[in-house]
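The following note sets out points for a colleague reading the structure.

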Amino acid sequence: MTHKFLFTKPQITLLLLLRLIVGYHFLFEGIDKLFTPNWTAAPFLLQANWVFSNIFHWLTGNTAVLSVINFLNIWGQILIGLSLILGLFSTSAAIFGALMMLSYYIAVPPFLSASTFVDKNLFELFSFLIIALFPTSDIIGIDFLMKKLKGDEDG
Amino acid sequence: MGESKKNNDSKKISRRDILKGLATTPVLGVLAYDFLKKRAAEKVKKKVVNLNLGLNDKDVSVQSSKENTGELLRIGIIGVGSRANALIKALGFVSPDWYNARAKLKSSNSLEKYNNQEMLNVEIAAVCDVFDLHAENGLNLARYGIQPNGKPANNKNVKRYFRYQDLLADKSIDAVIIATPDFHHARMTIDAINAGKHVYCEKTMSLTEEELHDVYHTVKKSGLVFQLGHQLSKSESYKKAREIVNKNILGKVTLIEATTNRNTPSGAWYRHLYSNGKPKPGSLKTIDWEQWLGTTPKVPFSIDRYYGWARYFSYDTGLAGQLLSHEIDGINQIMGFGIPHSVVASGGIYFWDKSTRDMPDTFQVTLEFPDREFSVLYSATLANSRQRGRVFMGHDASMEVGNRLKLYANPDSPKYINKIKSGLISPSEPFYTYPKKPLDLDAITSATERYYAERGLTDTKVGGKNIDITYLHIKEWLDVIRNGGTTACNIDIAYMDTVAVLMAHKSYVEKRRVQWDPIKRKIV
């Protein structure tokens with residue numbers, strides 16, 4: 001796992017910035033929801049209009065299920081955001097982030113209301129995939145420190 | 001052992017490594033700053049608006065208790081068409097079909113709204129209509145109508161009269177609701193008052209000044225309770241609007257714009273067909289055409305005229321009587337302006353077939369109030385349904401009044417300029433809305449009903465509940481009959497509103513500016 005030799009410095013810088021920007025966005029959104037009294041995902045879920053809409057709508061019907069969804073959304077976003085910014089378990093976090101974005105995308109896919117299938121959700125979904133496949137946290141981030149510690153132990 | 005390992009590690013991880021590991025943590029600080037800034041701005045925004053406007057979010061009025069202790073009032077209904085159905089619903093009777101169709105739904109706002117009505121302790125004693133079908137429908141509502149408590153009326157004694165004079169002669173009837181076409185209103189109101197009945201009469205009051213004076217003097221002398229069917233005064237947003245104007249939040253208001261925006265045959269009063277194109281019922285066999293025509297010129301029976309009478313000046317004052325009247329009444333409730341000094345109306349039949357109507361489909365009216373220093377501009381089109389709102393334009397802010405009330409700061413207002421500059425208020429977004437949440441309409445609410453609801457003509461919210469404002473208007477009339485007091489649209493208000501309508505109509509027909517002579521009490 002010696003990615004750093006595969007990337008040039010400008011490449012690392014850009015990948016790191018992408019990781020920070022996406023992380024920033026997620027953490028901000030998560031904290032904002034956390035501090036919004038009675039925030040709920042229900043209005044968004046009710047907007048769902050594609051083939052999976054029944055599942056999304058069902059999620060809003062039961063208060064217990066809905067509160068789990070709300071919890072997962074808020075804390076999912078906060079933890080993924082923190083993880084990307086700090087560079088801690090960033091690859092796994094980016095995969096979870098990509099899954100979350102995928103679920104937002106298929107809930108309200110843009111091609112039903114607009115002529116294109118490309119929207120911001122799709123961009124963020126692919127940003128997560130890039131972050132997962134081109135990790136920088138073992139160059140800059142706590143993952144790097146952990147690896148160093150572990151490597152030294154092994155050695 | 002642990003001690004020595006720790007020492008070992010700290011030796012192997014260099015300061016440079018720690019920097020690389022924690023290099024991104026300052027980003028969290030930036031984020032925290034960003035987030036706190038956003039929250040603080042939101043907090044200040046709320047505070048500023050609450051502090052400076054001096055308005056609270058409590059409802060203006062609260063409904064009284066569910067109990068109604070008054071004695072039973074016996075009501076006669078003259079004219080049992082579609083508007084009467086709404087009035088009978090306000091009295092607390094709906095058809096079992098209507099009730100059951102909504103009871104089957106998971107949630108129905110119109111049913112919820114109906115269930116929010118109090119029992120008014122009234123009985124429909126008699127109905128009168130020239131059309132057998134309408135009369136039957138009224139009898140059925142009186143007999144079997146479902147009340148807001150969910151129980152059927154079970155009234156076996158309701159009578160049908162074929163002539164309204166016979167209904168008025170029935171001594172057991174305390175009060176009448178008149179919901180006939182407009183050209184019958186004045187004569188029927190006068191006859192009803194002379195027969196000793198309290199009157200709730202649909203707008204418009206009369207088609208001529210002479211009739212209006214007769215009605216005015218008859219009601220004034222009688223001591224009986226009169227209410228004209230201008231229900232807008234019961235809308236919470238109108239009450240809030242009055243408060244906002246009185247507190248001078250808008251600054252000096254010099255222009256008020258009101259509009260009508262419709263684009264359907266039904267909206268242009270072609271109403272003899274159902275929306276699926278099938279003809280509505282009615283023929284010479286079932287409709288007493290002579291009586292329907294009353295004192296108007298004799299014309300052969302026409303089902304189109306029967307349903308679409310509002311299009312003809314023999315039966316109505318056109319858009320002035322049908323819709324301008326609501327706007328004038330609504331604005332008057334907020335501004336308290338009385339009779340206009342002068343009125344100019346113009347327009348024409350530019351879209352619909354000229355041979356099928358007198359009523360213009362494009363109609364503009366300017367009403368001047370030089371003493372109060374403002375103009376009211378009314379503009380109507382029956383060939384485009386783009387919503388243009390109802391807006392009060394003040395030096396500092398604009399107020400849009402519909403079902404919800406919205407305040408927009410004016411970008412050039414000295415009062416709000418600092419708040420706009422600091423980003424606390426955006427001129428393109430309302431800085432105050434009332435009520436906070438929009439009203440919900442259910443799936444079976446029809447397009448026309450939706451139009452009326454959006455314009456604030458049907459619903460309001462009281463104590464967080466959707467309430468039918470026609471119900472509140474009827475209830476007020478009954479309360480005043482029982483307990484005394486005065487109705488919101490009493491004969492004095494009805495007189496002022498109707499003079500303005502007649503001025504607009506006269507100006508349109510005579511193609512000239514008309515004025516009000518306050519001494520002779522005459523339009524000149």
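1. Cys201(B) is buried, because its relative accessibility is 0%. The coordinates belong to a predicted model, and the remarks below should be read accordingly.

2. On cysteine pairing, a search of the whole structure over all chains returns 0 disulfides. Cys201(B) takes part in none; the nearest cysteine sulfur belongs to Cys489(B) and is 10 Å away. For Cys128(B), the closest cysteine sulfur is that of Cys201(B), at 14 Å, which is too far for a bond. Cys128(B) also counts as buried, because its relative accessibility is 5%.

3. Helix H9 of chain B, residues 185-194, is mostly covered, with 7 of its 10 residues buried. The buried positions are His185(B), Ala186(B), Met188(B), Thr189(B), Ile190(B), Ala192(B) and Ile193(B). Just after H9(B), Gly196(B) adopts a positive phi of about 85°.

4. The largest nonpolar core comprises 102 residues, and Met335(B) and Met399(B) have the most contacts inside it. Helix H18 of chain B (residues 491-510) gives the most to this core, contributing 10 residues. Apart from it lies another core of 31 residues, including Leu141(B), Ile467(B), Leu472(B) and Ile481(B).

5. The surroundings of Met335(B) deserve a separate entry. Leaving out residues up to four places away in sequence, Met335(B) touches Val245(B), Val253(B), Ile256(B), Phe374(B) and Phe392(B), as well as Arg372(B).

6. Ser375(B) is placed in strand S10 of chain B, which spans residues 374-381. Is Ser375(B) buried or exposed? Ser375(B) counts as buried because its relative accessible area is 18%, and the cut-off for burial is under 20%. Beyond four places in sequence, Ser375(B) touches Thr254(B), Leu255(B) and Ile256(B), and also Leu367(B) and Glu368(B). Ile256(B) is likewise among the residues that Met335(B) touches.

7. Pro360(B) sits in the loop that joins strand S8 (342-348) to strand S9 (362-369) of chain B. Which residues is Pro360(B) in contact with, leaving aside neighbours within four places in sequence? They are Phe313(B), Leu319(B), Gly348(B), Ile349(B), Leu382(B) and Tyr508(B). Between Pro360(B) and Ala241(B) the separation is 119 residues in sequence and 31 Å in space, C-alpha to C-alpha.

8. Chain A contains 7 helices and 0 strands, giving the pattern α-α-α-α-α-α-α along the sequence. Its C-alpha atoms fill a box of roughly 55 × 35 × 25 Å along the principal axes. Among contacts in chain A with a separation of 6 or more, 73% are between residues 24 or more positions apart.

9. As for burial and surface, 46% of the 155 residues of chain A count as buried. Chain A exposes about 8,800 Å², and carbon and sulfur atoms supply 73% of that area. The chain carries 8 positive and 9 negative side chains, with the centres of the two sets 6 Å apart.

Definitions and conventions: Residues numbered from 1 in each chain as written. Chains lettered and ligands numbered in written order. Predicted model: local features only at pLDDT ≥ 70, side-chain atom pairs only at ≥ 80, totals over all residues. Heavy atoms only, no water. Core = buried A, V, L, I, M, F, W, Y, C linked by side-chain atoms within 4.5 Å. Buried < 20%, exposed > 50% of the residue type's maximum accessible area, 1.4 Å probe, protein only. Helix = DSSP H or I, 4+ residues; strand = E, 2+ residues; numbered from the N terminus. Contact = heavy atoms within 4.5 Å. Areas by Shrake-Rupley, 256 points an atom, 1.4 Å probe, with all protein chains shown as cover. Lys, Arg positive; Asp, Glu negative; His and termini not counted. Charge placed at Lys NZ, Arg CZ, Asp CG, Glu CD. Disulfide = S-S within 2.5 Å.
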